[in-house]
Amino acid sequence: MLKPVRVAAAAAGLVVALALTGCGSGDGGDQGKASASPTESAGQGGDEAQKPRDIEGTWAGVTDAKPVVLSVKDGKAALLADGHACTGAVEDHGGQMLSLKCADGNTDRTMGAIESNDGTTLVVSWDAGKKDTLKKSDGASLPEGLPTALPTS
């Protein structure tokens, strides 16, 4: 029975959409921050320099048997993982990074390096040791491996 999971996924999508449109943020402090623009990358070197736009969209997966959802739009990012909601930006620190702040102060996924991205699979390595392998979501299906029922306790 996938109905509870679909409801949870829909709720997660709503939270991500609100986070990316700026609802709930209100501090406006990122306006003066230096970061890569949504259409350009300041990366140097001969390797494929990825642009923030390259990771735009919604990505979903399962890490440690728990769903992880990442949404990126116009250089802004929102993440739902392990019961934490985090928002921030895609930045260039000599390589493409996700710089996030979690509403509850959690630091498991606050600075993440884009390890690889082939357009369908995105791998993010987080400074705190977690590693997420996410699939590009088409919005019509859920990632494989999600639990079929919500926990009872």
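Modeller: A polar contact is a pair of N or O atoms within 3.5 Å, where, within protein, one must be able to donate a hydrogen and the other to accept it. The model under discussion is predicted. In it, the side chains of Ser71 and Thr58 are joined by such a polar contact, at 3.5 Å. Ser71 belongs to strand β2, which covers residues 66–73. Ser71 counts as buried because its relative accessible area is 7%, and buried means under 20%.

The setting is a closed barrel of 8 strands, in the order β1-β2-β3-β4-β5-β6-β7-β8, with antiparallel pairing. From one strand to the next, the twist averages 30°. One of the pairings links strand β6 (residues 111–117) with strand β7 (residues 121–126) through 5 bridges, and these two strands run antiparallel. Within that pairing, Gly112 has Trp126 of β7 as its bridge partner.

As for the cavity, a search of the whole structure returns 1 of 30 Å³ or more. The volume of the largest cavity is about 30 Å³. Its lining consists of Leu79, Ala81, Asp82, His84, Cys86, Cys102, Asn106, Asp108 and Arg109. Two elements, β3 (76–81) and β4 (84–92), each give two or more residues to this lining. Sorted by class, the residues lining the largest cavity are 4 nonpolar, 2 polar and 3 charged.

Conventions: Residues are numbered from 1 along each chain as its sequence is written. This is a predicted model: local features need pLDDT of at least 70, side-chain atom pairs count only at pLDDT 80 or more; totals for chains, interfaces and linings use all residues. Side-chain values use heavy atoms; hydrogens and water are left out. Two strands pair if DSSP finds at least two bridges between them. Helices (H or I, at least four residues) and strands (E, at least two) are DSSP runs, numbered from the N terminus. Axes are lines fitted to C-alpha atoms, for helices over the stretch in contact, and angles run from 0 to 180 degrees between N-to-C directions. On a 1 Å grid over the protein atoms alone, a cavity is a set of points where a 1.4 Å probe fits but cannot get out, and a pocket is an open set with protein on both sides within 12 Å along at least five of seven lines; lining residues have an atom within 4 Å of a point. Grid points are joined across faces, edges and corners, and a volume is the space filled by probe spheres set on the points. Ala, Val, Leu, Ile, Met, Phe, Trp, Tyr, Cys and Pro count as nonpolar, Asp, Glu, Lys and Arg as charged, and the others, Gly among them, as polar. Buried means under 20% relative accessible area, exposed over 50%, partly exposed in between (1.4 Å probe, protein chains only).
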